[in-house]
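Here is a short report on a protein model. Keep the sequence and the 3D view open as you read.

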Amino acid sequence: MKITRSLFGVLLLTSALYGQQDFNSFKNLRASGDIPSDFTARTFRQIDADMQNNEVDLKASKEKIFLEGVHYAINDLLHSGVVIYGDEVTMYVTSVAEKLLAKEEVLQKKLRFYTIKSNETNAFSTYQGIIFVTTGLISQLSNEAELAYVLSHEIAHYTEEHVVETFDYKVNSKRSKDQIQALSKFSKENEFEADKLGIRLYNQAGYSKDQLMSTFDVLLYSYLPFEELEYPKNHLNNSLITIPEGFYPNRKFEITATEDADDSKSSHPNIKKRKEAVEKELENYKDWGNHVYIFGKDKFEYIRNLCRFESIRTDIVDAEFDDALYSIFVLEKQFPKSIYLQRMKAKAWLGYAQYAAKGNIKKKLPAVKEMEGEIASLQYLLRELNKNQALVVSMRMIEDIKKQNPDDKVIQGIWERMVKTLAAFEKFDLEKYSGKTYEVAYQEIMSVRKDTVQTKADTSTVNLSKYDKIKKQNSTSSETVIIDSSQFYLYALSDLKSQKNFLDQYGKYKEEIAQKEKEREEYQKLSPKQRKKFDKRKEKEREQEGQGINSMVYLEPLVFSFTKKGVDRVKSEKLQIDYTNSILNIAADFNMNVSVLGRSNLDTKGTEAFNQRSVLMSYFSELVENEDIEVFPTDYDELLEIKSIYNTDKLVLSVLNHERNYDVRPGLLIVSIIFYPVSFAYVPAILVNANKVEFSYLVIDISKGELVKSENITSKESINKHTINARVYNFLKQIK
Amino acid sequence: MRKNKLILALCILSFTSSYGQKNNGYLGKKTIFDFNFGIYNPFLFNLQNDFRKMGVAKGSGVEYKSDKIDLNYNFSLTRSLSSKVSIGFEFGIQKLDFANQGAYEQYVLLDSGSFNYDQYTIVGDFEKLEMQYHYFIPKFEFKSRSRIFGVGLSHQLGMGFGRGKLKEKNYGSNLRNADTGEMLTQAEADQFNARYYDYSRNEYKNMFLMYTLTIRNPISKSIFFNYGFRYKLNLFGGATDYQSFETQLETDDVGYIFRKDRANSFLQLNLGLSFIF
């Protein structure tokens with residue numbers, strides 16, 4: 001049995017090595033292989049099964065609340081688009097876990113491991129026996145042993161049933177002012193227990209004692225980037241741009257994290273206490289192995305790089321451009337030819353420019369007093385640049401990336417969006433920009449000034465009056481202003497000023513903007529009556545714009561059915577099934593080619609559909625996160641791939657919110673009982689207002705990144721599969 | 001968290017460019033046939049009339065009961081005209097029951113050609129008066145633009161025309177002279193019933209304004225369960241036909257019917273099925 005498992009582990013690793021990624025053309029992490037049943041099971045069925053099997057040691061009334069809570073929370077996460085399975089990272093984590101569980105066959109069969117694509121440094125286990133590890137955690141680790149200890153810790157949480165215990169403690173503890181502290185204390189005890197018990201598996205697997213404690217350092221400094229490398233003040237400079245050093249900080253930013261932080265309200269003890277407790281526990285273990293790596297250093301570093309590359313993507317989706325640019329700066333040292341890093345760099349600069357143009361970039365960057373570590377240098381620069389400077393620097397960076405990769409379609413798309421952003425920025429006037437580089441201009445001015453000063457000097461000393469001398473002094477000052485280094489950006493587009501491609505593109509966007517402005521001015525001149533007429537016409541045009549769509553990818557609708565107590569998750573899930581069926585049935589009646597990507601059909605469509613859904617959800621998440629700007633999709637090439645598979649570029653997203661609340665007021669109820677005719681007015685009022693439904697639809701063109709149609713319908717009506725049918729019918733008919 | 005963001009985004013994005021649905025009926029269907037029962041409790045009317053009890057035949061006698069539940073039934077056909085307005089008509093039948101008087105003044109002419117008459121009071125057991133009332137209502141149905149025709153809440157407004165006629169039967173039994181206690185002969189009783197309820201003339205006509213709040217919930221691709229509440233305002237009631245010297249069913253009684261009809265409408269609950277096609 002042992003041999004079989006070892007062979008299996010080797011096979012897994014071999015296949016992983018066989019399919020290793022080339023970081024120069026990195027592809028985002030994707031799920032792979034057969035879809036696990038965790039992803040296809042229906043939550044309400046899982047709850048029923050657990051209830052019947054009395055899986056949890058809780059009172060019946062609390063058992064249902066607990067099971068609904070944990071199953072829905074975890075399944076929401078599994079279907080959020082950020083969890084992957086069967087990929088290289090997950091397989092590696094599973095292999096390490098198998099080493100830890102070599103002597104725990106039963107446990108090994110129960111536990112499943114999945115990766116979350118998130119830059120949070122985290123791992124956690126669930127009641128169901130799933131252990132999640134984030135890419136953010138692996139990005140920060142120094143070696144395999146640290147990962148092994150984190151996994152051991154999480155496995156201990158599972159075996160000790162801490163999730164159930166914490167729930168039980170919460171529901172049984174009396175409400176008081178000290179509740180948070182009490183819960184914090186209880187949670188900390190669980191953490192200490194998991195820390196201690198985790199040592200046993202770690203030790204059994206033969207990992208080195210010396211590496212264990214450094215895991216806590218990873219946790220302590222996890223809020224910093226995965227490397228601390230100095231960001232040179234001339235990093236962005238080249239022959240076409242010179243950013244003066246004054247834009248960078250003139251000091252280092254201290255790292256403030258301390259091991260002995262106040263943890264009175266935290267769920268976890270501070271690092272100092274954890275280290276002390278673990279050190280004490282370590283004394284109980286005698287036989288230690290010496291493994292830092294069981295699967296090899298190269299393998300670990302490869303997996304860590306996968307996670308680090310993935311972290312850049314996550315940063316950009318979350319509009320954390322400073323983090324993305326710093327990570328790219330770090331990784332470029334190792335992978336200078338990576339087209340993926342080039343694309344992401346262009347994307348990050350575009351995002352930065354778009355936020356800067358909107359005046360929102362400072363909200364996305366830490367305040368100077370919050371800056372820490374080497375990344376602060378970059379963050380400081382990004383804060384210091386004004387709007388014009390930010391746009392020009394971004395344009396410069398993207399132009400340079402494009403020059404290096406002239407045939408890359410993604411970079412071309414980003415470049416075009418950058419030109420559009422520049423053209424749309426009112427305060428940007430290309431005329432003001434110099435056709436010379438800063439260096440050339442500086443040299444020219446300096447030489448002219450030198451000549452002038454020299455010429456003048458020849459005559460000035462003899463004939464100038466006091467006042468002429470003052471004037472001369474002032475004129476010298478104005479020459480100094482001309483070469484003021486803060487004007488560096490006026491020289492940063494020198495090549496573009498004469499580049500036909502740029503000028504054509506820029507001119508086209510300027511023309512479009514001018515046309516819109518003209519329309520706006522004409523609208524202002526219209527009388528109220530004419531405006532009403534105009535608005536109606538526009539509304540009709542908009543309705544027609546969203547028509548003629550016969551094929552689309554439909555992301556499984558989100559459904560929330562609320563009662564007074566909150567979301568009725570079981571009802572919501574069942575309505576979601578009805579909604580999905582309705583889309584498929586009505587689309588078939590209309591002969592429309594609608595592909596629904598959702599949980600309902602994952603078991604038949606498999607991992608490919610799962611990955612496609614994740615890409616689309618991530619894209620939508622990106623739209624949401626960056627609602628103020630015209631987002632260029634981070635996963636642009638993957639979206640194009642989906643477009644070609646389904647032969648459509650239309651993506652539909654929909655949400656159904658239903659609220660059922662019989663608002664019975666005691667006072668009116670008593671009046672209605674005593675003087676019952678009142679009930680004949682009161683009851684209808686309750687019934688009419690009891691149900692509120694909101695259907696929202698978005699149709700997005702994924703290749704253009706544009707909203708094609710949106711609709712938000714609110715109505716007071718009850719909800720069932722027939723009313724959903726009616727809404728879906730109307731929606732599909734409208735866009736058909 | 002992610003889902004919350006998605007919802008938030010949908011709300012924000014769709015709020016800025018939302019527009020209602022076109023005139024699409026339920027699954028594209030735009031004509032609806034409703035069949036409803038109207039159930040009402042004449043509480044307000046009874047309150048106005050000292051909770052008079054109504055006689056109901058039981059065996060050979062009459063039992064007096066309070067008037068608790070009355071029914072009507074109606075059919076209507078409605079066609080959607082636009083995203084907000086539909087047009088239709090309704091036909092309904094209503095049984096208007098009301099309490100008979102407990103005693104009647106009997107006038108007997110002593111000699112023909114003169115106006116001398118004898119007067120005495122007849123008492124007995126009087127069954128409730130039963131009027132069969134028919135009405136017809138051309139109506140408009142209104143809904144908000146966001147609703148689908150046929151589904152959920154709608155408001156109906158119409159002008160109704162009604163006509164009621166007293167059911168022909170012997171309402172009085174066990175009739176006797178209140179003063180002497182003597183029972184009326186069969187011939188006298190027949191004469192009484194014929195004289196006091198002049199069926200050829202006892203007709204009630206009216207016009208009314210109707211408002212109905214209707215909620216239809218689909219239970220299949222073409223059938224709905226519907227419920228709602230109706231309010232009616234009587235405009236004109238035909239009381240003139242009753243101003244007869246000979247009949248006791250005159251103005252007061254017609255007013256009584258009129259009041260009852262109106263009072264009932266305030267308390268009417270509609271329940272029924274709808275068929276859309």
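Which residue caps the N-terminal end of α19(A)? A:N386 does. A side-chain oxygen of A:N386 lies 3.1 Å from the backbone nitrogen of A:N388. Keep in mind that this is a predicted model.

**Helix α19 of chain A**

Helix α19 of chain A covers residues 387–404, which is 18 residues.

**Chain A as a whole**

| Property of chain A | Value |
|---|---|
| Secondary structure | 30 helices and 11 strands |
| Buried residues | 54% of 736 residues |
| Contacts joining residues at least 24 apart, among those between residues at least 6 apart in sequence | 77% |
| Accessible surface | about 34,800 Å² |

Carbon and sulfur atoms account for 51% of that accessible surface.

**A nonpolar patch on chain B**

Now turn to chain B. A nonpolar patch lies on the surface there. Its residues are B:F37, B:Y73, B:F75, B:L77, B:F89, B:F91, B:F136, B:F161 and B:F277. Together they have about 810 Å² of accessible area. Two elements of chain B give two or more residues to the patch: β4 (70–80) and β5 (85–98). Strand β4(B) gives the most, with 3 residues.

Is B:F75 buried, partly exposed or exposed? Its relative accessible area is 31%. Buried means under 20% and exposed means over 50%, so B:F75 is partly exposed.

B:T31 is found in strand β1 of chain B, which runs over residues 31–40. B:T31 has 11% relative accessibility. The cut-off for buried is under 20%, so B:T31 counts as buried.

Which residues does B:T31 touch, beyond those up to four places away in sequence? They are B:L77, B:T78, B:R79, B:F149, B:F275, B:I276 and B:F277. B:L77 and B:F277 also belong to the nonpolar patch. With B:R79, the side chain of B:T31 makes a polar contact of 2.8 Å.

Notes: Residues numbered from 1 in each chain as written. Chains lettered and ligands numbered in written order. Predicted model: local features only at pLDDT ≥ 70, side-chain atom pairs only at ≥ 80, totals over all residues. Heavy atoms only, no water. Helix = DSSP H or I, 4+ residues; strand = E, 2+ residues; numbered from the N terminus. Expected span 1.5 Å × (residues − 1). Polar contact = N/O pair within 3.5 Å; in protein donor to acceptor, adjacent residues only side chain to side chain. Patch = residues over 30% accessible without salt bridge, like charges linked within 9 Å, V, L, I, M, F, W, Y side chains within 5 Å. Areas by Shrake-Rupley, 256 points an atom, 1.4 Å probe, with all protein chains shown as cover. Salt bridge = Lys/Arg side-chain N within 4 Å of Asp/Glu carboxyl O. Buried < 20%, exposed > 50% of the residue type's maximum accessible area, 1.4 Å probe, protein only. Contact = heavy atoms within 4.5 Å.
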